[in-house]
Amino acid sequence: MKKALITGINGQDGSYLAELLLSKNYKVFGLMRRKSKLDYGNIKHIKDKIEIIYGDMTDIVSLINAVKLSQPDEVYNLAAQSFVATSWEQPIATSEIDALGVTNLLEAIRTIKPEAKFYQASTSEMYGLVQEIPQSENTKFYPRSPYGVAKLYGHWITVNYRESYNMYACSGILFNHESERRGKEFVTRKITDTVARIKLGLLDVLELGNMSAKRDWGHSKDYVKAMWLMLQQEKADDYVVASGETHEVREFVSSAFKAVGMDIEFKGTGIDEIGVDKATQKTVVKVNPKYFRPSEVELLLGSPEKAERELNWEREISFNELVKLMVENDIKLVGEEIL
Ligand code: GDD
């Protein structure tokens, strides 16, 4: 039986990856931070099948303990301060977790179990002010947030430990991936949750920031398969995982309303832009400048060509299916709330 240690196991990706590894008969260990109130987050339904280890990416002692206890064949580093907007409010904490935390974990593995295979959750945010379209493994990085900068460190330290110590260490450069389990601070889930509330008469308006930003969105369930595939190869390498399509935030909004039977028309520009329900002529989308970021990543579009060719990875859930799954799930959840 193979053993895997997943940091950030109670997040969106951690939970889907844990499900995938359990289905492959792995013994799964999950690193979680201890909180004043116990919260299993997205792994409530499988918590009895997983061995939880309490620890923190900023505390190398806890990581050494976690590696000692789990003796993993594979380590997936999914723990992060992952909300880009927060990284301007907490730049130091973000770099302690997302940058130095990776070195802590790599050192723990190098000391206790150097033959363990390592996956680092890198991100398309490292491309930031994109230097090339589409972005591939060879595109130059230009991060645009403290989060992107910290993640770039995490990426390079992973490459460096592979080259310095011959460790099997991979960096997965994942473009945006969403799901029904996404936190409501991220734009996709904020949209689908609010659209459900508008549809059910609980809210009137969805307030957003930059709706012109373009993202390459896929489903987390598809993307965790790529993480696992990266650790099943003969040689460690880095891979872009993306859908190969880009959509404006505005398009995500229209699709989400469409999924509940509402047709939206956008009028005006800049901070005066509004989204109007064609049937009732009511304003259902507004711009609120408080959601703009100090510096923005305007366009992300990844090329999954290498992952498809070398890993045989394939995405199964399309953009429209993703939106529909998320909206339908939120209609159900919000419906249960008001029962
Ligand atoms: N969150 C949020 N809220 N974003 C908004 C809003 C809003 O009200 N209005 C517009 N946006 C825009 C943001 O400015 C950004 O351009 C885009 O929507 C997506 O924002 P997020 O969903 O917060 O995700 P992200 O692209 O910044 O970061 C996500 O993807 C990265 C991979 O590219 C996160 O999952 C990161 O952890 C991940 O690395």
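Lys 225 is partly exposed in this predicted model, its relative accessible area being 28%. Its side chain meets that of Glu 316 in a salt bridge, with 3.3 Å from N to O. This pair links distant parts of the chain, since Lys 225 belongs to helix H7 while Glu 316 sits in the loop between helix H9 (305-310) and H10, 91 residues apart. Glu 316, at 59% relative accessibility, counts as exposed.

**Salt bridges**

Side chains of opposite charge can pair when their charged atoms come close. The count of salt bridges in the model comes to 24. Another of them joins the side chains of Glu 245 and Arg 315, at 3.1 Å from N to O. Here too distant parts of the chain are linked: Glu 245 lies in the loop between strand S11 (239-241) and strand S12 (247-248), Arg 315 lies in the loop between H9 and H10, and 70 residues separate the two. Glu 245 is partly exposed, with 31% relative accessible area, and Arg 315 is also partly exposed, with 23%.

Asp 48 is exposed, with a relative accessible area of 71%, whereas Lys 47 counts as partly exposed at 29%.

| Glu 316 | Lys 225 | 3.3 Å |

Helix H1 covers residues 12-23, which are 12 residues in number. At 1.5 Å a residue the helix should span 16 Å, and its end C-alpha atoms lie 17 Å apart, in agreement with that expectation. Of the 12 residues, 9 are buried, so H1 is largely enclosed by the rest of the structure. The buried residues are Gln 12, Asp 13, Gly 14, Ser 15, Tyr 16, Leu 17, Ala 18, Leu 20 and Leu 21. Their cover includes strands S1 (3-7), S2 (27-32), S4 (74-77), S7 (177-178) and S10 (218-219), together with helix H7 (220-230).

**Backbone geometry**

Most residues other than glycine have a negative phi, and most peptide bonds are trans. The loop between H5 and strand S6 (169-174) holds Asn 166, which counts as exposed at 70% relative accessibility.

The peptide bond from Ile 133 to Pro 134 is cis, with omega near -5 degrees. Pro 134 is found in the loop between strand S5 (117-123) and helix H5 (146-165).

**Domains**

The chain is divided into domain 1 (3-178 + 218-241) and domain 2 (187-214 + 247-298 + 317-337). Taken over C-alpha atoms, the centres of domain 1 and domain 2 are separated by 30 Å. Contact between the two involves 11 residues of domain 1 and 10 residues of domain 2.

Leu 200 lies in the loop between helix H6 (187-199) and strand S8 (206-208). With a relative accessible area of 33%, Leu 200 is partly exposed. A nonpolar patch on the surface is formed by Leu 200, Leu 202, Leu 203 and Ile 338, which together have about 310 Å² of accessible area.

Leu 200 is also in contact with Gly 335, as is Asp 330, when the neighbours of Gly 335 within four places in sequence are left aside. Gly 335 has its place in helix H10 (residues 319-338). Between Gly 335 and Ala 196 the separation is 139 residues in sequence, while their C-alpha atoms are 8.6 Å apart in space.

Terms used
Residues numbered from 1 in each chain as written. Predicted model: local features only at pLDDT ≥ 70, side-chain atom pairs only at ≥ 80, totals over all residues. Heavy atoms only, no water. Helix = DSSP H or I, 4+ residues; strand = E, 2+ residues; numbered from the N terminus. Expected span 1.5 Å × (residues − 1). Buried < 20%, exposed > 50% of the residue type's maximum accessible area, 1.4 Å probe, protein only. Contact = heavy atoms within 4.5 Å. Patch = residues over 30% accessible without salt bridge, like charges linked within 9 Å, V, L, I, M, F, W, Y side chains within 5 Å. Areas by Shrake-Rupley, 256 points an atom, 1.4 Å probe, with all protein chains shown as cover. Salt bridge = Lys/Arg side-chain N within 4 Å of Asp/Glu carboxyl O. Domains from an automatic or database assignment.
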